[in-house]
Amino acid sequence: MGNPVPRIAVRNLTMRFGNYLVQRDVSFEVAPGSVFVIMGDSGCGKSTLLRHMVGLVHPAAGDVLYDGESFWDTDDERRTVMSRRFGILFQSGALWSSMSLAENVALPLAQYTTLSPREIDELVSLKLALVGLRGFEEYFPSEISGGMRKRAGLARAMALDPDILFFDEPSAGLDPLSSRRLDELILELRDSLGTTVVVVTHELASIFAIADDSIFLDAEQRTLIAHGPPLSLLRDCPQAKVRSFLARGEPVSAA
Amino acid sequence: MAHRASSVHVDAVEDALPEVRAERSDGNVRVAISGTWKRGAAVQRGVDDAVQAVSTVSPPGHIEVIAANLGAWDSTLVAFLLRLQSEATRIGVSIEWQGVPEGVRRLVALASAVPERSGTGRGGESIGFLAQVGTFALAAAEEGRRSVLFLGQVTLALAAFVRGRAIYRREDLIRTIQETGAQALPIVSTITLLIGLILAFIGAIQLAQFGAAIYVADLVGLALTREMAAVMTAIVVAGRTGAAFAAQLGTMQGNEEIDALTTLGVPAVEFLVLPRLLALALMMPLLYVYGCFIGLFGGYLVGIGLLDLGSQAYIDRTVEAVGVADFAIGFVKSAVFGAVVAFAGCQRGMEAGRSAAAVGQATTSAVVSSIVGIIVIDALFSVVLNILGI
């Protein structure tokens with residue numbers, strides 16, 4: 001990382017639930033305006049790492065820095081202010097079930113801007129249109145499919161034009177075409193708005209299509225075992241496990 | 001998955017019983033299997049003996065598994081061979097397979113490919129009595145701590161509401177008021193009408209013996225306004241609305257909706273718990289007043305229908321017997337009950353785990369703790385009011 005101040009810096013993060021160690025000593029940096037992928041086998045704590053980065057779970061040790069500012073070594077109020085820069089797409093979309101799609105997307109805007117209801121409506125329609133849900137404003141989450149809920153969740157995550165977007169398994173449960181459109185949208189957000197994107201996924205097609213940089217968390221050693229762009233990891237990562245993961249278990253020809 | 005062994009005698013052994021024989025010789029074990037290995041075939045003893053025999057082998061010895069005249073097979077055979085394989089791996093001896101179908105060997109290899117994950121902390125270790133008591137006590141203390149914590153959060157949310165700073169949607173409040181109030185009227189009507197009737201019947205049998213039938217009006221009026229209308233309404237609402245709160249919030253927890261609020265900096269307690277608490281604390285007293293009148297009407301029906309009391313006389317007697325204080329007591333009680341039911345329902349829901357079973361548990365425990373809370377608080381009220389002489 002040539003950049004003096006990384007957008008996100010995770011420092012010696014240790015995650016536990018009670019006595020159960022999830023991952024220890026995880027450190028990495030995310031450059032501004034890049035797409036960063038967190039991968040690893042099932043149950044290794046990828047989503048848990050994401051939940052630590054966005055402030056949902058307190059780390060057992062270590063810290064996360066945003067533009068050099070500590071996220072965990074500060075009070076709740078400051079953390080809330082800092083997390084206003086984030087947009088988060090949860091695994092299942094996590095739309096608020098008692099509110100229509102428009103209301104879901106509008107809530108962050110109503111909460112943190114002084115826009116008039118009319119302006120909010122316009123922005124809401126724009127965000128929903130960006131994810132291909134134009135005309136679904138008045139639908140409730142229970143009335144649309146899982147893939148649509150996910151896209152609506154993305155519209156909500158983008159509501160405040162966050163400069164950091166977190167995606168928790170964005171393509172899980174999507175058909176290949178929707179999944180690909182989502183990848184294109186992620187790249188578009190990076191290129192046009194300069195958004196920094198952190199994605200938790202193990203969809204290989206997505207990983208190779210979008211990732212500028214990536215890390216691999218190992219469930220057995222309970223720590224980070226590889227860091228780098230996925231293509232170069234596939235070619236010359238010293239860890240056989242990572243190479244085989246990226247090659248989907250196929251034997252890798254030495255480059 | 002009924003492959004057949006590549007034996008030439010397939011047809012002959014089609015219905016043969018499964019058999020397994022383990023022979024020991026010079027520290028080696030030879031396991032012979034034959035017959036049809038399908039689900040439901042009784043070979044348990046032979047299988048256990050074979051595993052037992054294999055476990056006695058030590059490294060220089062070797063294990064042979066020989067299949068002869070093997071008929072159709074399914075997972076039963078694979079499960080048995082997997083046990084042998086695990087046992088052999090444990091003692092560090094490899095197995096020589098002879099005549100075992102290729103498919104079976106591949107399945108056994110596939111099942112042993114990923115070693116059992118160690119350190120998952122799910123051992124079958126038994127827990128002693130003292131440890132159980134200790135765990136229970138710690139859990140109870142933790143539970144108490146969480147309740148106090150939640151009470152604190154709710155209090156802060158209420159303070160924010162009073163100062164007009166709370167973040168919640170007025171639509172949610174109004175909708176919850178409608179759901180907890182208006183939509184509960186049919187069931188509250190039914191229950192309190194029947195309670196009024198029952199009270200009047202009980203009173204009628206006793207009082208008519210003394211020619212004091214008119215005092216049924218006193219009995220029904222006082223019992224309803226001071227106790228029964230408030231308690232019964234609260235119990236109905238606990239089962240109806242308290243359970244609904246726990247289920248709603250529990251499902252939101254599982255669906256990461258509460259996480260989504262938290263990361264947006266919207267306190268879930270203000271956004272989700274506050275409207276529910278306010279709605280119920282507001283609606284419960286109104287339901288109580290409504291229930292009182294329906295119950296009194298039930299008593300009135302018995303009074304004039306069964307005891308031949310005059311309509312006007314019954315009403316006059318009721319008005320005379322029931323004072324404003326009696327209503328006030330019931331009213332205050334039911335507001336407290338409303339808060340208790342909403343608190344229990346919301347707390348259980350917010351703390352629910354992320355699975356369907358956890359939501360079910362949360363719902364059950366919300367209703368149970370609501371009802372226990374209602375009865376205990378009612379008893380406290382009775383004691384205090386008795387001491388005060390009201």
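Phe36(A) stands opposite Asp213(A) in strand β9 of chain A, in a predicted model. Strands (E, at least two residues) and helices (H or I, at least four residues) are DSSP runs, numbered from the N terminus. A residue is buried if 20 or more other C-beta atoms lie within 10 Å of its own, exposed if 12 or fewer, and partly exposed in between, with C-beta atoms placed from the backbone.

| Partner of β3(A) | Bridges | Direction |
|---|---|---|
| β8(A), residues 196-200 | four bridges | parallel |
| β9(A), residues 213-218 | five bridges | parallel |

Towards β8(A), Val35(A) stands opposite Val197(A). In a regular strand the side chains alternate between the two faces of the sheet. Accordingly, Val35(A), Val37(A) and Met39(A) point one way from β3(A), while Phe36(A), Ile38(A) and Gly40(A) point the other way.

Residues are numbered from 1 along each chain as its sequence is written, and chains are lettered from A and ligands numbered from 1 in the order in which they are written. Local features need pLDDT of at least 70 and side-chain atom pairs count only at pLDDT 80 or more, whereas totals for chains, interfaces and linings use all residues.

Helix α4 (residues 117-130) of chain A has 14 residues, which at 1.5 Å a residue should span 20 Å, and its end C-alpha atoms are 20 Å apart, in agreement. The expected span is 1.5 Å times one less than the number of residues. In α4(A), Val124(A), Lys127(A) and Leu128(A) are buried. The buried residues of α4(A) fall within an arc of 95 degrees seen down its axis, so they line one face of the helix; the arc is that of the directions from the helix axis to the C-beta atoms. The face turned away from this buried side carries the exposed residues Arg118(A), Glu119(A) and Glu122(A).

The largest nonpolar core has 140 residues, and those with the most contacts inside it are Phe166(A) and Leu277(B). Such a core is a set of buried Ala, Val, Leu, Ile, Met, Phe, Trp, Tyr and Cys residues joined through C-beta atoms within 7 Å. Its largest share, 19 residues, comes from helix α10 (residues 268-306) of chain B.

How values were computed:
Pairing = 2+ DSSP bridges.
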